[in-house]
Amino acid sequence: MRAIVMREFGGPDVLRLEDVPEPAPRAGHALVEVTLAGVNYADVHVRGDSYLASVELPYVPGNEVVGTVDGGRRVVGLCRGGGYAERALLHRRVTWDVPDAISDEQAVALALQGNSAWHLLFTSLRLTAGETVVVPAAAGGVGSLAVQLAAHAGAKVIGLAGSPEKRALAQELGAHAVVDSTAEDLTERILDAAGGPVAAALEMTGGATFERTLAAVAPRGRLAVYGFAGGDLASVPTRELMARSITVSGFWLPQLYADRTALPTSMRALFDAVADGTLTPRTGAAYALGEAARAHHDLAARTPTGKLALDAAR
């Protein structure tokens with residue numbers, strides 16, 4: 001079968017299309033004929049050897065796919081590598097039937113990014129109606145879903161984005177106000193947009209952006225960290241945390257894979273929200289499988305909006 005194989009760490013060019021053996025059968029897993037493989041920023045970290053979990057080379061990246069099993073039943077699921085291929089193994093605990101009302105393009109946006117957005121808001125931050133929450137990369141994969149979920153839950157959303165076009169999209173999705181994420185006076189802009197310190201915030205850039213976002217969090221507020229897309233890990237100032245009784249939590253979706261209720265609960269909520277029109281996944285470009293390097297280049301440049309995917313049939 002065809003798959004994207006990494007034989008070294010590095011830039012997008014290390015992603016090469018090869019013919020490889022099919023995955024060997026494993027207990028508790030089903031072999032899925034992949035329709036679309038999701039492309040995520042976690043894959044960029046894997047490629048650059050900066051992911052939270054180390055991988056052994058050669059390696060087939062890709063952590064979520066939508067496809068068919070049993071001769072045509074549509075499923076979407078999560079995997080720990082192996083997704084950038086014509087066929088992949090999915091464990092039954094992290095595989096879900098796709099409702100007829102949900103398209104393949106929508107489904108592949110929900111498995112990793114949708115579940116992440118849902119649990120960041122409602123498990124990590126425990127967001128409630130009436131609270132103000134900062135959502136970074138508000139036009140991106142996780143961010144665009146988080147904006148909609150938070151707004152529908154009755155929260156006041158301050159969306160961060162780096163371009164006027166992306167800020168406009170965040171407002172269309174339900175953000176109360178939008179802020180230029182690249183501004184050096186980011187803290188002051190968040191405070192102005194929110195009308196004061198915020199109860200909750202998400203953070204995925206690291207470095208100075210982490211510090212500026214944390215400074216906008218109110219006493220007894222909460223901040224959830226789920227990435228360092230800027231490349232710089234931040235240090236948490238414990239004196240400041242104590243002085244303002246702030247809670248900072250980390251989040252990594254694979255920690256929920258073994259939980260028997262967490263992901264089934266969020267997937268059900270996400271499917272229902274898409275079906276009733278309260279959540280619209282932003283679907284983006286679908287690249288041919290052999291164009292994985294181009295997809296990674298575009299993602300790292302932060303030029304696209306919407307969910308990027310690889311079409312395993314092309």
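Strands β8, residues 132-135, and β9, residues 156-161, run parallel and are joined by 4 bridges. Strands and helices here are DSSP runs, numbered from the N terminus: E with at least two residues for strands, H or I with at least four for helices. V134 has I158 as its bridge partner in β9.

This is a predicted model, with local features needing pLDDT of at least 70 and side-chain atom pairs pLDDT 80 or more, while totals for chains, interfaces and linings use all residues. Residues are numbered from 1 along each chain as its sequence is written, and side-chain values use heavy atoms, leaving out hydrogens and water.

Now the whole sheet. It is open, with 6 strands paired in parallel, in the order β10-β9-β8-β11-β12-β13; two strands pair if DSSP finds at least two bridges between them.

Helix α4, residues 164-173, lies across β9 and β10 and runs at about 160° to β10. Such angles, from 0 to 180 degrees, are taken between N-to-C directions, with axes fitted to C-alpha atoms, for helices over the stretch in contact. Contact means heavy atoms within 4.5 Å.

Last, the helix pair. α2 (residues 104-124) packs against α3 (residues 141-152) at about 50°, the axes being 9 Å apart. The contact includes W118 and F122 of α2, and L145 and L149 of α3.
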